[in-house]
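Reader: I would like to know what stands behind the words used for this model. Please take me through the terms one by one.

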Amino acid sequence: MAPYASDDNTTAGEADEQGSGRRKAARYVVPVTVMGVAAATIGLVPALADSGDPDLPKITAQQLIEKIGKSDVQQLSGTVKISTDLGLPDLGGLESSLMSGAASPDEDGSSADPTAKLTQLASGTHTLRVAADGPDRQKLSLLENAAEYSIVHNGKDVWGYDSKSNEVYHGTAPESPEHEKRQPPATPKDFAEEALKAVDDTTSVTVDGTAQVAGRDAYKLLIKPKQSGSTVGAVTVAVDAKTGMPLKFTLTPAAGGAAVVDAGFTQVSFAKPAASTFDFTPPKGAKVTEEKDVPADVPADVPGKADRAPERAPKSGKDLGKDHDGHEGPDGMKTIGEGWSTIATFDTGGEGMPSGEAGGDLGGFVNSLGDKVTGKFGSGTVFSTRLVNALMTDDGKVYVGMVTKDALVKAANAAN
């Protein structure tokens, strides 16, 4: 994307420095797999405190972005609430599998494998406990009604434990910095860093006042697309005034209504967690699955799987294509447009999904999930969520992006 540009006239050099700072801060992210769509899938969390907005020194958007980039919080513990409202149809477990590309527990042999377990974060409301002590020790626990699932990274070891099934997954932490950049987001900080990657001259960035989050004073950074056609309305990031760490992230759709994506700390401490927090020994009688025993065709974006299939995990949105001018990228994928209106397109090399009477029962099911559209390109079906839309033409071409249905049809028409 183009260098960062906002109402504060940020320069390209300043943007590079910010990116360096964000990459530095990203090293301390708890490695988990949430999902593979767009980089944005969290929902509504408790509203900002009603105790009144704090009176903080004035700050520009440029200064606030620099503050985020320079943030180097290595030690913390706290509770994060995440809920997702993509507006997907109720398809049971199929929904999470489609969103993550993950194999089922039966396929990879362990319900404790992060690939399968943490796809639960793709929908509904969830509570997470997080802790970190530098780049080598992190812990994330997903609290369920009568059980808990935890990922513990301690040195070279990564453990996943599902208390409900009493199953353990054991892998090794990746040493590649490139793999660390591929880790999907799970905390407000992670999501904020992903959103800031999309900031360019197609984006408006301003400071939208102050707030309190988890008892801490924060500035609110407001990010909005300047372009028409995007399904993204706005992104708001509450940034801790003292440490510069994002405390809350909210993504609202252009169509209005409840947030599609929002995650926030309800409690946070920047004190050093006890060393015992990161200790893990498989409980007696637990089934332990070693990483080396997992089939090689499982998705790559989980700890310890980077070396098996790195080509299946794009490092960033730009990896969907060489650039935003329609030049061909990996696996024949191209991109059309720029910024928030970027559309990824590829050819499946065959016929589209069965639909209508010719598709029989399967065709009827497909029609129930999407909307039939026609144009210069022919005909096809648009599958929609509140954020990401995809058009599959009857001749097997796919157009997908965080754009409206009309924008997809326009792109398909222009390509024919």
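Author: Start with contact: two residues touch when heavy atoms lie within 4.5 Å. Bear in mind that the model is predicted.

Reader: What does Ala195 touch, leaving out residues up to four places away in sequence?

Author: Val235 and Phe249. Each therefore has heavy atoms within 4.5 Å of Ala195. The C-alpha atoms of Ala195 and Phe249 are separated by 9.5 Å. Along the chain, the two residues are 54 apart. Ala195 itself sits in helix H7, residues 188–197.

Reader: Why is Ala195 called buried?

Author: The relative accessible area of Ala195 is 8%. Buried means under 20%. The value of 8% is under that cut-off, so Ala195 counts as buried. Across the protein, 49% of the 416 residues are buried.

Reader: What makes a group of residues a nonpolar core?

Author: The members must be buried, of a nonpolar kind such as Val, Leu or Phe, and joined through side-chain atoms within 4.5 Å. The largest such core has 29 residues. Leu221, Ile223, Val235, Phe249, Leu251 and Leu387 have the most contacts inside it. Two or more residues come from each of helix H2 (61–70), H7, strand E8 (216–225), strand E9 (232–240) and strand E10 (246–253). As background, nonpolar side chains tend to be buried together in soluble globular proteins.

Reader: Turn to helix H9. How do you know that its buried residues are on the same side?

Author: H9 spans residues 405–414, and Leu408, Val409, Ala411 and Ala412 are buried there. They cover an arc of only 160 degrees around the axis, which puts them on the same side of H9.

Reader: Which exposed residues are on the face turned away from the buried side of H9?

Author: Asp406, Lys410 and Ala414. Exposed means over 50% relative accessible area.

Reader: What do the buried residues of H9 pack against?

Author: Six strands: E13 (334–336), E14 (343–347), E15 (370–375), E16 (378–384), E17 (389–393) and E18 (397–401). These strands form an open sheet in the order E13-E14-E18-E17-E16-E15, with antiparallel pairing.

Reader: Why are E13 and E15 called edge strands?

Author: Each has a single partner strand, so one side of each is left without a neighbour in the sheet. From one strand to the next, the twist averages 25 degrees. The direction of H9 makes about 35 degrees with that of E17.

Reader: How do you know that E17 and E18 pair?

Author: Pairing takes at least two bridges. E17 and E18 have four, in the antiparallel sense, so they qualify. Leu391 has Tyr399 in E18 as its bridge partner.

Reader: What makes E14 a partner of both E13 and E18?

Author: Three bridges join E13 to E14, and four join E14 to E18. Both numbers meet the cut-off, so both pairs stand. Ala344 in E14 is the bridge partner of Thr335. Ala344 also has a bridge partner in E18, namely Val400.

Reader: Which residue takes a positive phi in the hairpin of E13 and E14?

Author: Gly337, with phi near 85 degrees. The hairpin has six residues between the strands.

Technical notes. Residues are numbered from 1 along each chain as its sequence is written. This is a predicted model: local features need pLDDT of at least 70, side-chain atom pairs count only at pLDDT 80 or more; totals for chains, interfaces and linings use all residues. Side-chain values use heavy atoms; hydrogens and water are left out. Buried means under 20% relative accessible area, exposed over 50%, partly exposed in between (1.4 Å probe, protein chains only). The arc is that of the directions from the helix axis to the C-beta atoms. Axes are lines fitted to C-alpha atoms, for helices over the stretch in contact, and angles run from 0 to 180 degrees between N-to-C directions.
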